[in-house]
Amino acid sequence: MPDAPIHPERTARALSLLSYLLAEERGDSVPLASVMRDLGVTRKQVAEDLSLLNLVNHGGGTYVIYGELTDDTIEVTREPAGDAMASPARLSPLMARALLLAVDLVGDKLPVDGRRTLTSIRDKVKKSIEGTDLPGLVEIETASAEVTDIIEVLNHGLRERMVVDLEYYTPAREELGRRQVEPYLLFDSNDAWYLEAYCRRVEAQRTFRIDLIRSAALTGEHFEPRASVDLSARRARALSVVPQHPRWAVVRFPVTRARSLEEQGLEVTRMEDGTVEARIPYLDERWLVREILRYAGEAVIVSPENLRRQVVEETRVIRSSYES
Amino acid sequence: MRYSKLMPKDDDKLIRQLSLVSFLLAQRHPVTPRHIHERVEGYAGMSDSTFARRFYDDRSDLEQVGIAIEGADPEDEGEAYFLPEENYRLSSLDLTAEELRALAVALTLLEGRFAYARPLRLALVNLTHGHPDPESAELERIAVSLAPDEEARSLGPALAQLDNAIARGKTVRFLYPTGPDLEPQERVVDPYGLSRIGGHWYAGGRDHERDALRTFRLSRFEGPVRFATKRARDFSPPMGIDPADFRARPPWQLGETVGTATVRVEDDLAWRVARAYPGVAAESWPGPLDLTDSPATLFTTPYADADALITWVLSLGRKAELLGPPELRSLVREKLLALERAHA
């Protein structure tokens with residue numbers, strides 16, 4: 001698991017393996033592959049933990065388990081003294097934290113009865129660690145109540161294959177409009193959550209950013225899944241929401257912006273005059289003009305020329321509000 | 001004889017601690033330290049003072065993973081210890097089938113995409129008695145897809161080290177871009193918490209040199225995160241610390257407040273501002289001044305960084321106007337004029 005740098009406490013890992021192996025339902029010959037899959041551990045970790053567990057005893061040479069690792073199984077001898085440790089141990093603070101973070105991260109997006117399930121799991125996990133010091137604070141950004149309401153509606157639409165009526169803000173056009181969609185998939189792209197849907201207004205598959213949805217309501221109308229809707233790209237690599245055939249602009253910035261531009265994954269070139277130039281993909285010219293305005297004078301379009309003129313025009317309109 | 005004296009020290013300690021747990025769970029009544037000293041694997045052969053120190057450390061380590069060994073009332077028993085079953089055994093949490101199903105689905109979605117996926121899997125193994133994964137039919141119905149946590153992947157050891165430091169109360173040192181030149185400088189910090197916001201990881205805590213709460217973006221760290229001392233614990237977080245104290249605030253509020261600004265936002269966008277910045281005060285615009293005005297909301301916000309505030313207002317395009325203070329309106333005008341000239 002290269003994307004999971006936080007390892008459980010060693011004690012917690014060993015105790016989890018112990019109770020797993022002490023469960024009589026697994027028989028005396030436990031497949032190694034099952035152990036590795038279920039506990040998310042490597043063969044080396046199993047071997048290390050097993051060599052320790054074989055030495056755990058409760059006095060007078062009374063051991064709790066003896067396990068022997070073969071090529072593809074663990075041959076288990078359960079000692080009567082192990083009964084007390086057959087039940088799983090309490091959640092360690094790190095396990096409890098992982099559960100709570102998971103609930104925060106995806107709880108309200110799960111295809112179940114969203115908030116009720118989310119809240120009840122969180123309450124029960126917290127209750128189970130009452131009295132345990134949960135050191136430090138780790139938190140993952142959670143959706144606001146309004147967004148949670150919207151996701152709950154979308155989830156209902158996904159589960160029941162029901163058309164949803166959206167009130168959606170399109171930044172490039174600075175327009176709040178209504179559209180009916182057939183929802184297919186919720187996905188995240190690290191920066192935000194998105195809905196992949198068939199839009200009935202444009203009669204095509206479209207991607208909607210969840211935080212730009214002002215409201216969502218079920219219409220009560222069911223839809224048949226369309227064969228033309230292709231979710232494979234979204235499922236395979238949800239991260240990529242960059243358009244497939246963008247146009248490109250070259251934009252000059254002061255060097256102090258270089259790091260944040262690179263963090264956005266943009267190609268940045270350092271110029272001799274101390275500035276940097278970034279290649280920025282865009283589909284909609286109005287979107288790029290807005291982006292340039294956002295930098296309040298620090299970003300200057302080098303090319304294409306027509307976008308430079310649009311920046312001037314848009315700037316004049318906005319500046320007129322500040323003349324009085 | 002299964003035991004070898006060549007065993008690494010940490011392994012030795014773990015065997016001793018698990019043997020202590022096993023021993024205490026098997027006792028029907030509290031047991032004296034002498035009894036523990038003589039009977040538990042690993043303590044025999046220690047001097048009384050070494051045993052006392054090790055036993056104290058072992059109790060402390062076990063408590064950190066949620067297993068609390070309790071002392072009996074000295075008036076009744078003398079010095080004696082016991083491990084109630086409820087202090088060891090995981091309660092069922094009374095999770096319903098629906099809740100367990102939701103957690104199993106969450107695990108599947110998060111596997112390989114979540115910094116805490118390993119402890120999450122172990123938690124579910126224990127909660128489900130070894131059956132953490134959902135049914136395959138369940139998986140086919142999932143209409144949710146997550147991106148990998150790219151930052152956790154690249155941060156790796158730094159994130160793990162900070163999580164460890166937070167759990168153990170350890171002060172850390174790291175290099176971080178500082179000052180107007182963004183030169184990497186060593187920062188010494190008591191980390192109180194981690195946050196993942198907008199796909200980025202942040203650490204918050206007390207910066208020693210500035211003696212104030214600061215927030216650091218982990219992707220900007222240069223080099224490794226190191227413990228500042230070899231002590232077991234360096235600090236205890238202040239009581240009542242709230243993540244909001246070091247959570248990323250609106251960029252224009254970072255630093256010392258220098259004034260209060262008022263921004264008018266048209267209502268077809270105001271809902272989004274209110275949702276993104278719930279801490280910014282909002283009130284309805286008194287009403288259209290003329291027929292060209294759209295319904296709008298007034299937002300009032302303290303600001304520390306005028307440039308960041310202007311950046312935000314301009315990002316809202318024609319839908320927003322900074323109404324005051326006058327010096328900020330002048331600044332907006334100047335910036336727009338400069339932008340216009342640069343593109344003319």
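Colleague: Let's start with the open sheet in chain B. In what order do the 4 strands come?
Modeller: The order is 10-11-9-12, and the pairing is antiparallel. Keep in mind that this is a predicted model.

Colleague: Which strands of chain B stand at the edges?
Modeller: Strand 10 (281-284) and strand 12 (320-324). Each has a single partner strand, so one side of each is left without a neighbour in the sheet. From one strand to the next, the twist averages 25 degrees.

Colleague: What holds paired strands together in general?
Modeller: Backbone hydrogen bonds, with the strands either parallel or antiparallel.

Colleague: OK, now strand 9 and strand 11 of chain B. How many bridges join them?
Modeller: There are 8. They link residues 259-266 of strand 9 with residues 296-303 of strand 11, and the two strands run antiparallel.

Colleague: Give me one pair to look for. What is the bridge partner of Thr260(B) in strand 11?
Modeller: Look for Pro302(B).

Colleague: Which strands does helix 13 of chain B lie across?
Modeller: Strand 9 and strand 12 of chain B. Helix 13 covers residues 326-343 and runs at about 135 degrees to strand 12.

Colleague: What sits in the loop between strand 12 and helix 13 of chain B?
Modeller: Pro325(B) is found there.

Colleague: New topic: helix 6 of chain B. What span should its 14 residues have?
Modeller: Helix 6 takes in residues 97-110, and at 1.5 Å a residue they should span 20 Å. The end C-alpha atoms are 20 Å apart, which agrees.

Colleague: Which residues of helix 6 are buried?
Modeller: Quite a list: Glu99(B), Ala102(B), Leu103(B), Ala104(B), Val105(B), Ala106(B), Leu107(B), Leu109(B) and Leu110(B).

Colleague: What follows helix 6 of chain B?
Modeller: Gly112(B) follows, and its phi is positive, near 75 degrees.

Colleague: Why does Glu174(A) count as partly exposed?
Modeller: Because 16 other C-beta atoms lie within 10 Å, and partly exposed falls between the cut-offs of 12 or fewer for exposed and 20 or more for buried.

Colleague: What about Glu203(A), what is its phi?
Modeller: Positive too, about 55 degrees, and Glu203(A) is not a glycine. Its loop runs between strand 7 (193-199) and strand 8 (204-209) of chain A. With 8 C-beta neighbours inside 10 Å, Glu203(A) counts as exposed.

Colleague: Now the contact. How many residues does chain B put in?
Modeller: Chain B gives 111 residues and chain A gives 107. On the chain B side, helix 13 brings the largest share, 11 residues. By class, that side has 62 nonpolar, 20 polar and 29 charged residues.

Colleague: Last one: what ipTM does the predictor give the complex?
Modeller: The ipTM is 0.73, and the pTM is 0.72. Chain B averages a pLDDT of 83, and 85% of the residues score at least 70. Where pLDDT is low, the predicted coordinates should not be read in detail.

Notes:
Residues numbered from 1 in each chain as written. Chains lettered and ligands numbered in written order. Predicted model: local features only at pLDDT ≥ 70, side-chain atom pairs only at ≥ 80, totals over all residues. Pairing = 2+ DSSP bridges. Axes fitted to C-alpha atoms, helices over the stretch in contact; angles between N-to-C directions. Contact = placed C-beta atoms within 7 Å. Expected span 1.5 Å × (residues − 1). pLDDT = per-residue confidence, 0-100. Nonpolar A, V, L, I, M, F, W, Y, C, P; charged D, E, K, R; others polar.
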